[in-house]
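Here are my notes on the model. Please read them alongside the coordinates.

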Amino acid sequence: MVTMDVDKLVEGSHPRSVATVSSIPPLKEIDELRYSRLIFTLGRAGMNSLCRSRVLVVGCKGLGAEVAKNLILSGVRVLGLVDDEVTCIADLGAQFLLTEADLGHNRAAATARKLKEFNPLADIVAVPSLGLENTVRNYTALVVTTGPMPFLIHLDSICRSHGVLFVAAISRGLFFSVFVDFGDTFLVSDDTGEPAGSILVEGITQEFPATVTVVEEQRHGLEDGDEVVLSGIKGMGELNRDAPYSVTVTGRHSFTIPVDSRPYGRYVSGGYFQKLKHERKLGFLSMENAIRSPEFCISDPVKSSRSLHLHVAFQAVDEFERRQCEQGSTLSPLSPSFKDEAVEEVLGLAREIWEQSGLGVRNSDCSNGFAVGEASEVVEEEGAIDGISPAERGVAESGLQEVGGESISSSALPTGSSLSGFPARMSGKRVSIDEDIVRHLAQGAHVELSPIAAIAGGIAAQEIMKGITGVFTPLKQWLYFDAIECLPMSIPLPEERALCRSRYDLQTSLFGRLFQEKLGSLQWLVVGAGGLGCEVLKNMVLMGVGCSPDGCITVTDMDVVSKPNLTDQLLYQLEDVDRPKTPTAARALRAINPGAQIHALQERFEPETENIFDSSFFNAIAGVFSTVDTASSRVYLDMRCVANRTPMVDGGKHGTKGSAQVFIPFQSEMYSSTRDPPEHKEVPICTLKNFPYATDHVLRWAVDAFEMLFKQRPIDVNAYLSSRDFQESIRKSAPLSRLPILETLRDALLRHRPLSFEACVQWARLQFEDLFCNSIKQLCFNFPPGMTTTAGAPFWSGTKRAPTPLNFDPGNSLHLDFIMAAANLQATVYGLRGCQDRALFVDHLRSIAVPAFEPREGVKIAVTDNELRNTGSQQRRGRLSSEDTDAADACEQILQELPTPATLVGYRLTPIEFEKDDERNFHVEFVAAAANLRAQNYGIPATDKLEARLVGGRVTPTIVTSTAVVGGLMCLELYKLLQNKPLSDHKHAFFNLALPLFAFAEPFKAIQHTVARRQAAPLVWTLWDRFEMDCLGLTLEDFLAEFKRQQGLEITMLSFGKSLLYAEFLPRKKLQDRMPLSLVELVSVVGKVVLSTTESKITFSISCTDANDEDVEVPDVVARVR
């Protein structure tokens, strides 16, 4: 690998040219474990393209560093960095790769040195700007993050002449722009990236055209003209071919194909279809032409009219800065050192560009139906996204298809020439440029903020990946973003914005010194130190959050670093694998900002740790960032934040989709106010056990088999050996329920207790026979081919696919994979040494005798989950059949056979937790082999080890670009929270970078409830309100009376957690016993909870009757008891 010793760079010398970059060979093999989540997002072909790519980044300040970081973490093979400037103190406010030790040294060299730690296999070089035109041709793509407009236009022209992808991203204060040019012709191989799964066929008619019907449980999701490939069809085998069929949709579950199927045999069963994805051709304008005829991708539909104004404003700022540089100015032209006259000069330039381009008149004849200058009216008339429905919290998961997303183009404008290159315009009604927008942009044009750099860097890097891989739809062609809601209510005084050679100078010049001091003294909680946690933590320390002696960021996560984390969790490196996340993250954060005050906890945020995260803890913090990855964790964290009246900003991501939502005490609804879609679709148990029809089903079945054999079985054995009352407790369960457990114990401790690895191989061979042969034979015996239902329909139809038993073949690599994985896992459970020599396995398998199997009469197999539940319900009610009686007898017999725990003192098995990210433990190998064998049983399309790792382990696809965007959006909300902005300034954000598509909406206002009270004004409350009472020394009886006196409401029910402490309907004796108890004693005696010594308050849930003696919903009571 050709590398460069960046440490030997000295000030005034230029890094070497990358003329030799083309000689660097691509990686021979992708590290599939490391990039597994990214492969899940981009596909293998896309990942291969990334690992062969070479990208040049111009500018190594905050935005350039974000782009470079995203590309290196994503596997880009060669990265060139162009920046001849030296590091200054202000760079450290947004550039996380630079430190104080880099001050005065070349920015590109220092950035390259740090980036190499992220991916040692990548070739990262610092490149001089001299000769840049010749350097560009050696790269796949160019990203420019700095420079005047003529410079950008020139580089874009060079890129077009050499077939190099071009992206420009410019960050200015709370604004940024992204421009994309992939040439006159660009092919998109997959415009959405959504997987095209196999859909089960239920029937095909004998007619022309033939009608294909899919099972009711699945929708085909096709449109007219889509093409599909059929496979596995029985009875119409002629349809099984590689050539695609064009479809005409006739319903949600049916479509026709242009085939005359009348000469074919009758459709019998089986078969799948898969939708083909076709390349789509796109064309891009050069930057020079795109300035004249801009086409906008809208970052916020509510602000859709703003894009054209920002397009002009960015040009005006650029023109002003160029004129200042030509006049020899040494200061940043729009820095705080300049007076307001500079801003006014920019505004004048903006007006000039606007008028000379003809944009000051309204054109009613735009071919796209969207006249420039009318955008705001159109939004108002059509009600474009002024709120998000309760169901739209899952919008990011579904691709945001229901939220607009069409580009707004002004390419229909007549041609002409002007200062800005805009065309002249026909006469019409006058429309003025938005002067406030121009002023806001100009006032912060010199500023770079880390959240904005993170968002822009994520989007720009994603666009480069689209160009390299051909996966996802590129941005066409301009994207403008603003977050002016973050700006202070009034511009800070000049002395508040004065520079003082601090890393926070740029941020201070926009928000003021007092605001910066508030940031530094913040106490904030971050739950989760994964991808999102790393991004927000990085942004926070760059912003200075909690970086004063009286400030602190508390981060909690009990996980350890794994290899796949390295593709989107920027605070960890290869040597950190298997280390705990939070202390590792804390060290990395202090390296970014030595002033960072980080309190690293290795705790789950859950009910069991409420003694740590109690009310006193919440009283000390100003807010919470939620970066957890499950809905249940979010709901619990949300509940705690509401209970403690603490603002929460929640981030979520799934591949290229992401969301950031903010929940504000007394202003907004809570996260749980609307219901999320389920994280994983529940599959009926009987489908998994006996009637699978999709790859996901066999993968889940394989994971369940792993859990049963290697986790639950050892746990049951250990429980038997260690629990004195095991036999007594197991006899309380139904005979048919306890029989499998006891059979497992007998096999584990008697029949198949291995004393050598050879015995483990024998056990694995018998497991193969039982799982993939004998159980299938029994199922087919119970439900033979040709069987019909009571309605006369074939039993094996629809989603029920008649299975075929497998005959073991030691020469079959898949069969041997299962045996090797199962035997090695069995050895781990019993503490024996494993083996990976395939030849030894084959030799030993030849000597294993497998008992013959005959299906048994009377074996019951439930067809539906209702049937399964009814059987269990009958057993619980004591209705025992003859089968139950036989099972009870068998249970007693096994209990007599089992060795007593006294004879196995100290003997224990080792339960195994499924770990998807270890390449040496055989976990994924077992799941992949078992799933594919099961798929062969049922004629289901095969899976692979990667899919077994991801789907079996319920891993979500990940890409660092969306992680960066969410992290930036979350930190923008922090700016607003600290300034106590009104609810209307806060934004829920949802996006899908693949399309690309963005949606923003104001959070829902907290709903107010009104309750009539006795001898008091009506109670008006929201979910954030609480009854707060001083209850020192009060008994339950005193508390009930005092509450009625204070609130004019009568408590009818009182509970703490899941414990009912008081209710009018409780037996009189219980009430008499509880009334004299203090509230602390009540919680301890009845609730079985011992309060932490630091906890001074108890929260009770209550039910009340109002002034009309009607049951009403009221807030909780927070009682101070200490």
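**Notes on the predicted model**

1. Asp505 sits in helix 14, residues 505-511. Helices are DSSP runs of H or I with at least four residues, numbered from the N terminus. This is a predicted model: local features need pLDDT of at least 70, side-chain atom pairs count only at pLDDT 80 or more, and totals for chains, interfaces and linings use all residues. Residues are numbered from 1 along each chain as its sequence is written, and side-chain values use heavy atoms, with hydrogens and water left out.

2. Not counting residues up to four places away in sequence, Asp505 touches Leu499 and Cys500 (heavy atoms within 4.5 Å).

3. Gln516 lies in helix 15, residues 513-520. Gln516 is buried, at 9% relative accessible area. Beyond its neighbours within four places in sequence, its contacts are Tyr504, Gln507, Thr508, Met543 and Gly544.

4. How do helix 29 (residues 923-938) and helix 30 (residues 945-952) cross, and at what angle? Their axes, lines fitted to C-alpha atoms over the stretch in contact, come within 9 Å and cross at roughly 105°. Helix 29 is therefore roughly perpendicular to helix 30 (65 to 115 degrees, on a scale from 0 to 180 between N-to-C directions). Val924, Glu925, Val927 and Ala928 of helix 29 meet Lys945, Ala948 and Arg949 of helix 30.

5. The structure has zero disulfides (cysteine sulfur pairs within 2.5 Å). Cys60 is buried at 1% relative accessible area. Cys971 is buried at 0%.

Terms used:
Helices (H or I, at least four residues) and strands (E, at least two) are DSSP runs, numbered from the N terminus. Buried means under 20% relative accessible area, exposed over 50%, partly exposed in between (1.4 Å probe, protein chains only). Angles under 35 degrees count as roughly parallel, over 145 as roughly antiparallel, 65 to 115 as roughly perpendicular and the rest as oblique.
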